[in-house]
Amino acid sequence: MNRNAEALLEQVDAYVRGFDRVSESGRFDDASSDGPVRLLSDRELLEATAAASRAIRLLAAERTKLAGEIARRSVIRDESNLARTMGAASPAALLAQVAGVPREEAGTITALATAVRPREAIDGTPLPAKRAHVAAALNGGCLDVSVAAALVRSLKKVENGLTQLELEGLERQLVERTQEGYTADELLEHFRLVPAYAHPEGNGPKDGELAGQATVSKRKLDNGLTRWVLDLDPLTAGFFETALDANTSQRRFQLVLDDAPKLDDKDLRPLNKRRVDGVQRIAKKVLKIDDGHVAGTAVTMLVTISEEALRTGVGHALLPGCMETISAATARMLAAEAEIIPIVLGGDSQPLDLGTARRFFSEAQRRAMAVRDQGCAGPNCDAPLSWCDAAHIDPAGYGSTSIENGILLCWRCHRLHDEHGWQVTREDGRWWWTPPPHVDPRGRRRPGGPVPPVNLSA
């Protein structure tokens, strides 16, 4: 039996044991499949979910191996070509037929399988997989197929121009990131920035080309609603998302209008519903031609750029609020605009440390924290800058009102820290959260804040 099959059986056994404990305790004596699930304790429920999820990942890894073999047998250019023999146009089409999955998903699995399957030299000598680190994590049940596929695609975008050693080091760092507790959504967002990390000088975003492809379309629906579809370039998306986030906050409305709806601070409507209110507020504000300034760091768009990139115009810059990248040349142009604040990384243009004399953080400090934290720095939280307040790690009066003792948190994560016993520390430039014992007796730390960039020189 291969190791993957053994690991899969172990996970299935762990899943079954949880229900055995329910039966042995006398909590369930019926044959219905719903009964044991209802009678699991909270911890048993989460453990069973984790075991089932890892079993699914292991099964998905096995299917990826099989898809890789289907692809290998379909490369042959004679009558033994497997896909052609089965009447399929491609290995992905054959996998879609056999597995009963959509063609697009089959294509994703096949592309991933080709990258992680073992290779052979011309003389038959076994060679490691092209993406050996991804293959190891996938086969160990530690990596979801969709995350693995996105990681492989991001590496493919940057492989031209990197040495094999640099590419292998980049792959290793990205795989290590996937095991540090970040959510799949955070990882997928992080992978989008890999080209900027890998090619900071030459292959940065081509803002002019993207702006030329951007469109906004409008269509009236039969039900009376109007559908707007926005395909925005990074710069326009940065402006739009900054403004929309600032007016969709659950805690406060940044644009105060006389006829604005008065909603409860704990607005529990879905985000897509609250964004409609945000769009309405922005439109009304523009129509009123109010040339006053809207208070707060959240409404000001920040642009982070290295000192060298700002000086030379070569490289890329980051819009921290929405994780969009723009070229350094565009960032230099923006630096002269009133409501665009360029933050030169490594510079010291503003006094940011006010010591213990102040209880409230200054605007300069909040801007610096916005650049550093790029949104809520809570555990696995993606709340944007406009939803966050500057909070003290050590309470005001006991700790200094300084950037080192400050952190940007949304109201939910602020309560985790202040009321629910979660401890937060910063190590090597990264936030780490330790839950209280009643949440996790083992005290496993959770990462907070943005996924750190990769370092090709490491």
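Leaving out neighbours up to four places away in sequence, R177 is in contact with Y182, L187, H190, R430, V451, P452 and P453, where contact means heavy atoms within 4.5 Å. This is a predicted model, in which local features need pLDDT of at least 70 and side-chain atom pairs count only at pLDDT 80 or more, while totals for chains, interfaces and linings use all residues. Residues are numbered from 1 along each chain as its sequence is written, and side-chain values use heavy atoms, with hydrogens and water left out.

Back to R177. The residue lies in helix 9; helices (H or I, at least four residues) and strands (E, at least two) are DSSP runs, numbered from the N terminus. Is R177 buried or exposed? R177 is buried, at a relative accessible area of 11%; buried means under 20% relative accessible area, exposed over 50%, and partly exposed in between, with a 1.4 Å probe and protein chains only. Along the chain, R177 and P453 are 276 residues apart, and their C-alpha atoms are separated by 9.6 Å.

Now the packing of helix 9. Two packed helices are described by the angle between their axes and the distance between the axes. The axis of helix 9, residues 164-178, comes within 8 Å of that of helix 7, residues 132-139, and the two cross at roughly 25°. Axes here are lines fitted to C-alpha atoms, for helices over the stretch in contact, and angles run from 0 to 180 degrees between N-to-C directions. Helix 7 is therefore roughly parallel to helix 9; angles under 35 degrees count as roughly parallel, over 145 as roughly antiparallel, 65 to 115 as roughly perpendicular and the rest as oblique. Helix 7 contributes A132, H133, V134 and A137 to the contact, and helix 9 contributes E168, E171, R172 and V175. By class, that is four nonpolar, one polar and three charged residues. Ala, Val, Leu, Ile, Met, Phe, Trp, Tyr, Cys and Pro count as nonpolar, Asp, Glu, Lys and Arg as charged, and the others, Gly among them, as polar.

S154 is buried at 4% relative accessibility. Not counting residues up to four places away in sequence, S154 touches L174, F191 and V194.

On to the strands. Strand 9 and strand 10 pair in the antiparallel sense over five bridges; two strands pair if DSSP finds at least two bridges between them. H392 has G406 of strand 10 as its bridge partner. In a regular strand the side chains alternate between the two faces of the sheet. How many of the five residues of strand 10 are buried? Five of five, over residues 406-410: G406, L408 and C410 on one side, I407 and L409 on the other.

A separate open sheet has three strands in the order 11-12-13, with antiparallel pairing. Strand 11 and strand 13 (446-448) are the edge strands, each pairing on one side only. The twist averages 35° from one strand to the next. Strand 12 and strand 13 share three bridges, and W433 has R446 of strand 13 as bridge partner.

Last, two positive phi values. D428, not a glycine, has phi of about 50°. D428 sits in the loop between strand 11 (423-427) and strand 12 (430-434), and is exposed at 80% relative accessibility. Q374 has phi near 60°. Q374 is in the loop between helix 17 (363-373) and strand 9 (388-392), and is buried at 18%.
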